[in-house]
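User: I would like to go through this model in short questions and answers. Please keep each reply brisk.

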Amino acid sequence: MRSTHSGYTRLSKVHKFSAAGLTAAAAATVVFAAVSGGTASAAEAHAVKPVAWSAGSFGETQQDELAKQVDAAAKQAKADAAAKKADAGVKAKAEQERASRSEARKPMKPAAAKPAAKPAAPAKKAYADNLDGWIRQSLDILHAKGVPASYEGIKRNIMRESTGNPRAINDWDVNAVNGVPSKGLLQIIDPTFKAYHVEGTSWDIWDPVANITASCNYAADKYGSMDNVNSAY
């Protein structure tokens, strides 16, 4: 049977039993007063003060409390989640900083030393393949060996001995009679050429540079320099 009290249907089972109990107690009080000899008047029966209670307001209050509790729980859960997230971020940042410091403390490997570059070989000097070039090349070799000579002294004696012909040969003088004719630009005989040959030149007596260099080396030994030779030597 549905109660006629407003809001009764929204109460819990416990609350319903409590309300029913209060109603029964009130009724029992009235009956007891009547049974007691009927001495109590209707005014006395009505003098019993009713309990200040409203089922409707009670149910609404409960709902409000539950809503407040749910809202507070949700706010607390949200705050806990935010705190946990912030804590995780702080830990991640601290871990990153520790890793960075650890990496910075690692000793750096020294850069591999590059092998020293070899000095470039000097360009080989070019000489003309003519009398001028032969004399200049011979002079460079002589000066490198410390043998004195000059361009003019060499050229002057060449022109007198062979007129600048590297294949010139004397087949009539005493050397020729003895089987060792004078050969080349400065008319040197084979034994003298071999004895005064300068390292770095050809062993061929007909080679112009080798012929000039060996002859100048011989003249420097016998006369101090080819510049001092003015006749057959």
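Analyst: Accessible areas here come from the Shrake-Rupley method with a 1.4 Å probe. The model is predicted. On that basis, the accessible surface of the protein chain comes to about 16,700 Å².

User: How many of the elements are helices and how many are strands?

Analyst: From the N terminus on, the order is α-α-α-α-α-β-α-β-α-α. Counted by type, the protein chain has 8 helices and 2 strands.

User: What percentage of the residues count as buried?

Analyst: Buried requires a relative accessible area under 20%. The protein chain has 233 residues, and the buried part is 26%.

User: How many salt bridges does a search of the whole structure find, and which residue pairs with D140?

Analyst: The search finds 5 salt bridges. In one of them, the closest N and O atoms are 3.2 Å apart, and the partner of D140 is K125.

User: Why does the pair of D140 and K125 tie together parts that are apart in sequence, and how many residues apart are they?

Analyst: D140 lies in helix α4 (residues 131–145). K125 sits in the loop between α3 (55–105) and α4, so the bridge links parts separated in sequence by 15 residues.

User: Is K125 buried or exposed?

Analyst: The cut-off for exposed is over 50%. K125 has a relative accessible area of 53%, so K125 is exposed.

User: What separates R136 and D132 along helix α4?

Analyst: The side chains of R136 and D132 meet in a salt bridge, 3.1 Å from N to O. R136 is partly exposed at 44%, and D132 is partly exposed at 31%. The two residues are 4 apart in helix α4, so the separation is about one helical turn.

User: Which residue meets R160 in a salt bridge?

Analyst: R160 is partly exposed, at 34%. The N to O distance in the bridge is 3.2 Å. The partner, partly exposed at 24%, is E161.

User: How many residues line the second largest pocket?

Analyst: This pocket holds about 310 Å³ of space. E161 is among the residues nearest its centre, along with N175, S182, Q187 and Y233. By class, the lining has 6 nonpolar, 5 polar and 3 charged residues. The lining count is 14 residues.

Conventions
Residues numbered from 1 in each chain as written. Predicted model: local features only at pLDDT ≥ 70, side-chain atom pairs only at ≥ 80, totals over all residues. Heavy atoms only, no water. Salt bridge = Lys/Arg side-chain N within 4 Å of Asp/Glu carboxyl O. Buried < 20%, exposed > 50% of the residue type's maximum accessible area, 1.4 Å probe, protein only. 1 Å grid on protein atoms, 1.4 Å probe; cavity = no way out; pocket = protein on both sides within 12 Å on 5 of 7 lines; lining within 4 Å. Points joined across faces, edges and corners; volume = space filled by probe spheres on them. Nonpolar A, V, L, I, M, F, W, Y, C, P; charged D, E, K, R; others polar.
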